[in-house]
Amino acid sequence: ANGGGTVSAYTITAGSGVLTPVAGSPFAAGTTPSAVTVSPNGQFLYVANGGGTVSAYTITAGSGVLTPVAGSPFAAGTTPSAVTVSPNGQYLYVANGGGTVSAYTITAGSGVLTPVAGSPFIAGVNPAGLTIEPNGKFLYVANGAGNVSAYAIADGTGALTPLNGPLGNPFPAGTTPSGIATPGRP
């Protein structure tokens, strides 16, 4: 993701790791793109744009060329800063600087995004990173206010329900967290 409103794409040379620009790269994205993620099946790329949208692309197998998905870019919350796809490839989540998480279903085959009922969901102050644990049941959001919001992901809908624990929710974290990961997930 390039701050100038584009996304650069590369092929990786097997064995050496050398990067070669994909034909047509960089590709147009929304205003100030800040984060990217690829669907687990490798078919789609999603970009969180600081201007309040998510750009969606089909990745052409063999060449890596990016083609915008119909309807892209899709509306998100204020200043999206992070994006992730569920391990099953059915849902996309975006951390919005305005203290929310936008949730979408991903249409199989096309990559089109449809907002999940109830989205956006309330998060902490200045969400900056998010991750889903490997079995796809829980989403965690690092909030810049020094805590982590935790949610259960509803089977079949992708809706988020806040978790409750002995420390409350959001859970305390260090000073100004900006990223979060779980084992087996970036």
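This is a predicted model: local features need pLDDT of at least 70, side-chain atom pairs count only at pLDDT 80 or more; totals for chains, interfaces and linings use all residues.
Residues are numbered from 1 along each chain as its sequence is written, and side-chain values use heavy atoms, with hydrogens and water left out.

**Figure 1. The whole chain, before zooming in.** The protein chain has 0 helices and 19 strands; these are DSSP runs numbered from the N terminus, with helices being H or I over at least four residues and strands being E over at least two. Its mean pLDDT is 94, and 99% of the residues reach 70 or more. The radius of gyration is 16 Å, which agrees with the value near 16 Å that a compact globule of 186 residues would have. That radius is taken over C-alpha atoms, and the globule rule is 2.2 Å times the number of residues to the power 0.38. Along the principal axes, the C-alpha atoms fill a box of roughly 50 × 35 × 35 Å. Buried residues make up 42% of the 186, where buried means under 20% relative accessible area, exposed over 50%, and partly exposed in between (1.4 Å probe, protein chains only). Of the contacts with a separation of 6 or more, 41% are between residues 24 or more positions apart; a contact means heavy atoms within 4.5 Å. The accessible surface comes to about 8400 Å², and 60% of that belongs to carbon and sulfur atoms. Accessible areas come from the Shrake-Rupley method with a 1.4 Å probe, and for residues only the protein chains shown count as cover.

Figure 2. Phe44 counts as buried because its relative accessible area is 4%. Tyr57 sits 13 residues away from Phe44 in sequence and 5.5 Å away in space, C-alpha to C-alpha. Leaving aside neighbours within four places in sequence, Phe44 is in contact with a list of residues including Tyr57, Val69 and Gly111. Asn49 is buried too, so its relative accessibility reads 0%. Not counting residues up to four places away, Asn49 touches Ala29, Gly30, Thr31, Thr32, Pro33, Val54, Ser55 and Pro80.

**Figure 3. Asn147 in strand S17.** Strand S17 spans residues 147–153, and Asn147 is found in it. At 15% relative accessible area, Asn147 is buried. Once residues up to four places away in sequence are set aside, Asn147 touches Val141, Ala142, Pro170, Phe171, Pro172, Ala173 and Pro177.

**Figure 4. A nonpolar patch around Ile12.** Tyr10, Ile12 and Leu19 make a nonpolar surface patch of about 340 Å². Patches are made of residues with over 30% relative accessible area and no salt bridge, joining like charges within 9 Å and nonpolar side chains (Val, Leu, Ile, Met, Phe, Trp, Tyr) within 5 Å. A salt bridge, in turn, is a side-chain nitrogen of Lys or Arg within 4 Å of a carboxyl oxygen of Asp or Glu. Ile12 is in strand S2 (residues 10–12) and is exposed, with a relative accessible area of 62%.

**Figure 5. The loop between S3 and S4.** Gly24 lies in the loop between strand S3 (19–21) and strand S4 (27–28), and Pro26 is found in that loop as well. Gly24 counts as exposed at 56% relative accessibility. Gly24 and Leu66 are 42 residues apart in sequence, yet 8.4 Å apart in space, C-alpha to C-alpha. Ser25 and Pro26 are joined by a cis peptide bond, with omega about 5°.

Figure 6. Thr79, in the loop between strand S9 (74–75) and strand S10 (80–85), has a positive phi of about 50° although it is not a glycine. At 43% relative accessibility, Thr79 is partly exposed. Asn126 is not a glycine either, and its phi is positive at about 55°. Asn126 is placed in the loop between S14 and strand S15 (127–132) and is partly exposed at 43% relative accessibility.

Methods:
pLDDT is the predictor's confidence in each residue, from 0 to 100.
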